[in-house]
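Please open the structure in a viewer and keep the selection tool at hand.

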Amino acid sequence: MKNINTKKYWDKRFSTGDWETSKGRNQTADFAKSQVERFDIPKNFSGTILDFGCGLGDAIPIYKKKYPKAKLIGVDISEEAIKKCKKSFGDIATFIAGTENEVPTVDIIISSNVFEHLSNDKEIAKVLIQKCKTLYITVPFNENLKTSGATEHINSYDEDSFNNTFKNVSSKKFRSKGWGETTRDLIIKVYLKNIFRFLFGKKLRIKTKQIMFKIQK
C-alpha cells in the first residue's frame, strides 16, 4: 500500500488549514482526554513527557492540566505544525520539528494515533523506546483498512502487534470518539441514528475502539 504520509503532505495539510477544517484539532483533544485517564502516570509526575506526532499540539494543554508538574515536549515531522504549536502553546511546552531521530531522551513518550500512518512503525518504536523509560502507543483497534475510508492509515493493530518486537509490552482496549467526531457529531450521527437502527433491526454503530500499548525497557 502506498503511503501518502510524507512531510510534504502534512506540511500542506497544516499550512492550508485543512487539518482544522477536517476537525483534526477536536480529534486530537478528544483522544487525549480519553487517554489521560488510562495512562499509568501519577498526577504529581515531575519528569518529562514527550508527545510524538503532536500535530498542532492540542493534546499539550490536556497533559498540562493532568500533570501540572511535568515538563512537556512536542515533536512532529511537519515544520508548519511546529510553527503553529510554538505560537499556540509555546508558553507551556517545547516543540521540535523532526522525526524519531530528533527525539531527545525523556522519561515518557506518548504517541496518539500516529503509528497507523507509519511505514516502518516497528523500527520507529524501537528507536523511541531507547529514548525513554515508558512508551505509550495508541492506535485504532482492528481497523479494516479496506473499508474504513481512512486513506492515511496503512497499518492495523490487534493485541499481539508488538509482542514479537518487545518483551515488556502490555495493552488495553477502550472506546473513544472517532476521527473528527465532536459531541454534536456523535449525537446526530451515532446516538439518534442508532434509535432508528434498533427499530429496524439493524446493527448499532458504536464509538471507535482504540488500543493502547504500554512498552517499557
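**Before starting**

This is a predicted model, in which local features need pLDDT of at least 70 and side-chain atom pairs count only at pLDDT 80 or more, while totals for chains, interfaces and linings use all residues. Residues are numbered from 1 along each chain as its sequence is written, and side-chain values use heavy atoms, with hydrogens and water left out.

**Stop 1: the largest pocket**

Select Trp10, Asn113, Val114, His117 and Glu152, which lie nearest the centre of the largest pocket among its 49 lining residues. A pocket is, on a 1 Å grid over the protein atoms alone, an open set of points where a 1.4 Å probe fits, with protein on both sides within 12 Å along at least five of seven lines; lining residues have an atom within 4 Å of a point. The volume of this pocket is about 1000 Å³, a volume being the space filled by probe spheres set on the points, which are joined across faces, edges and corners.

Next, colour α1 (7–16), α3 (24–36), β1 (48–52), β2 (71–76) and β7 (208–216), the elements that give two or more residues to the lining of the largest pocket. Helices (H or I, at least four residues) and strands (E, at least two) are DSSP runs, numbered from the N terminus. Which element gives the most to this lining? It is α3, with five residues.

Colouring by class shows 18 nonpolar, 23 polar and eight charged residues in the lining of the largest pocket. Here Ala, Val, Leu, Ile, Met, Phe, Trp, Tyr, Cys and Pro count as nonpolar, Asp, Glu, Lys and Arg as charged, and the others, Gly among them, as polar.

**Stop 2: salt bridges**

The structure holds 12 salt bridges, each a side-chain nitrogen of Lys or Arg within 4 Å of a carboxyl oxygen of Asp or Glu. Asp11 counts as buried because its relative accessibility is 13%; buried means under 20% relative accessible area, exposed over 50%, and partly exposed in between (1.4 Å probe, protein chains only). Lys7, at 32%, is partly exposed.

Move to Arg13 and Asp18, which form a salt bridge of 2.6 Å, N to O. Arg13 is buried at 10%, whereas Asp18 is partly exposed at 33%.

Then select Asp40 and Lys214, a salt bridge with its closest N and O atoms 3.2 Å apart. This pair links distant parts of the chain, 174 residues apart: Asp40 is in the loop between α3 and β1, and Lys214 is in strand β7. With a relative accessible area of 18%, Lys214 is buried.

**Stop 3: two aspartates**

Where does Asp58 lie? It is in the loop between β1 and α4 (60–66), and it is buried at 12%. Its side chain joins that of Arg25 in a polar contact of 2.8 Å, that is, a pair of N or O atoms within 3.5 Å; within protein, one must be able to donate a hydrogen and the other to accept it, and residues adjacent in sequence count only if both atoms are side-chain atoms.

Finally, select Asp121 in helix α6 (residues 121–129). Asp121 is buried at 7%, and a polar contact of 3.3 Å joins its side chain to that of Lys122.
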